[in-house]
Amino acid sequence: MAHLQCSATGCGTTLDLHHRAHSCPKCGDLLEVVIDPPQEDPSALKQRWLSRRMSFDMRDTSGVWRFREFLPDCYGPDGVVTLSEGNVPLVRAQKAAAWVGLPHLSFKHLGWNPTGSFKDLGMTAGMTEAKFVGATAVGCASTGNTAASLAAYAARAGVIGRVFLPAGQTSQNKLAQALDFGAELVEIEGSFDDALNTLLDGSDPSLYFLNSINPFRIEGQKTAMFELLEQLGWQPPDYLVVPGGNLGNSSAFGKAFIELKKYGFIDKLPRIVIVQAHGANPLARMWESGSAELEAVARPETDATAIRIGNPRSWRKALNGVRFTGGFVMDVTDEEIGEAKAMIGRDGIGCEPASATTLAGIRKLTAAGKLEREARVVAILTGHVLKDTDYIVKAQKKKHAAEHSR
Ligand code: F0G
């Protein structure tokens, strides 16, 4: 039976799947979902997943629930809260590929989801579980995208959505989305980390948490890798490059590869490379120093506001995936992010600043001769170009001013 278990090695605590907690009652570490072993062999199931793309059944039109054999799947067709998320293309890099000197570079654009970010993949799973356990109000702390996504899915589920945002640090575009979808807004003085602490320390037991410490969120986000592998004929790339903030997404991808390998769906593993912004880089620092514990960055600072996070909660889970796949962790400066973002724009694709950490990281690696030219590389773009329009206008004005002053 699918159930929850503590993600800490050696703890061993297990709980009922629908137990409402975000951490282990024994040791306090994060919980994770343990799925039932798939009942069909890999080739039959891969075929079934593909054939669902021709179905109009609501669950089949979702790029998350199409892979329900690897998800908690007790909700039935009517219990699922979905906006047909997922189903996003893998786009070949052109100018960006030439810029970094890698002919086999592609972008998996998770920003082309219903609310413009990868959060929708996790939110469909988390909101479905929230509805199943009878929640009437859901909440999250957010740098903006989780808030926009939560607000949309809460509206679909008919529950109250309450979002805790760091005051003055969220892009107006994301704020506007959350408000348009009817969320209640709580602004917190301080950073995302302060907002999350406020939410977690809050005494409202009726509020169901939908940050990525919620294990159901991770399950939904995991499916992005199933879709990616399907698009690649189940031949994993050599490298999978992903931005790192609170580290839920990289944890989800690691879990996908661990399970797919365990059940014989893939033989080879892509190396997971997590890229953080230099001013909000606790995991990169830890990786560099070889330390065994994460030291939080007290005042995270980066123009990529989505990942302005100093104390990522899922760091242990994320490191698990990095180590399992033979990957690594690195950081890039805001300047490098800006250059890479502009290049993704010139490829006709566009993304928000946090997503561009991926291309910036790749460029840094190729410039240092650390990525072989023939490597097959997939960069995960996490947010849509329209998620932070202020950033673009400011950057372009600055560029013009610099050109005219020459
Ligand atoms: N990229 C974007 C566009 C994001 O919004 C986030 C996180 C990340 C990358 C990092 O993902 O946290 O799973 O490592 N945004 C969260 C939010 C924190 O509240 O929207 P992560």
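These legends walk through close-up views of the ligand, the cavities and the pockets in a predicted model.

Some ground rules first. Residues are numbered from 1 along each chain as its sequence is written, and side-chain values rest on heavy atoms, with hydrogens and water left out. In this predicted model local features need pLDDT of at least 70 and side-chain atom pairs count only at pLDDT 80 or more, while totals for chains, interfaces and linings use all residues.

**View 1. The shell around the ligand.** Here 19 residues surround the ligand, and the closest are Ser-142, Gly-245, Asn-246, Leu-247 and Thr-382; a residue is near a molecule if one of its heavy atoms lies within 4 Å of it. By class, the shell holds six nonpolar, eleven polar and two charged residues (Ala, Val, Leu, Ile, Met, Phe, Trp, Tyr, Cys and Pro count as nonpolar, Asp, Glu, Lys and Arg as charged, and the others, Gly among them, as polar). Helix H5 (145-157) and helix H9 (248-262) each bring at least two residues to the shell; helices are DSSP runs of H or I with at least four residues, strands are runs of E with at least two, and both are numbered from the N terminus.

View 2. Ser-142 places a polar side-chain atom 2.7 Å from a ligand oxygen atom, and a backbone N or O atom of Thr-143 lies 2.8 Å from an oxygen atom of the ligand. For Lys-119, a polar side-chain atom is 2.9 Å from a ligand nitrogen atom. The protein covers 98% of the 480 Å² of accessible area that the ligand has on its own (Shrake-Rupley method, 1.4 Å probe; for residues, only the protein chains shown count as cover).

**View 3. The largest cavity.** The ligand sits in this cavity, in the sense that more than half of its atoms lie within 2 Å of the grid points. On a 1 Å grid over the protein atoms alone, a cavity is a set of points where a 1.4 Å probe fits but cannot get out, a pocket is an open set with protein on both sides within 12 Å along at least five of seven lines, and lining residues have an atom within 4 Å of a point. The volume is about 330 Å³, taken as the space filled by probe spheres set on points joined across faces, edges and corners. Among the 26 lining residues, Phe-118, Lys-119, Gly-245, Asn-246 and Ala-306 are closest to the centre. H9 gives the most to this lining, with three residues.

**View 4. The second largest cavity.** This space is about 40 Å³, and its lining includes Gly-63, Lys-108, Leu-121 and Glu-227. H8 supplies the largest share of the lining, three residues.

**View 5. The largest pocket.** With a volume of about 950 Å³, this pocket is lined by 30 residues, and Gly-338, Tyr-391, Ile-392, Lys-394 and Ala-395 lie nearest its centre. H14 contributes the largest share, nine residues. The lining comprises six nonpolar, twelve polar and twelve charged residues.

**View 6. The second largest pocket.** About 470 Å³ of space lies here. Of 23 lining residues, Gln-5, Glu-32, Lys-255, Ile-258 and Glu-259 lie nearest the centre. H9 gives the most, with six residues.

Definitions and conventions. Polar contact = N/O pair within 3.5 Å; in protein donor to acceptor, adjacent residues only side chain to side chain.
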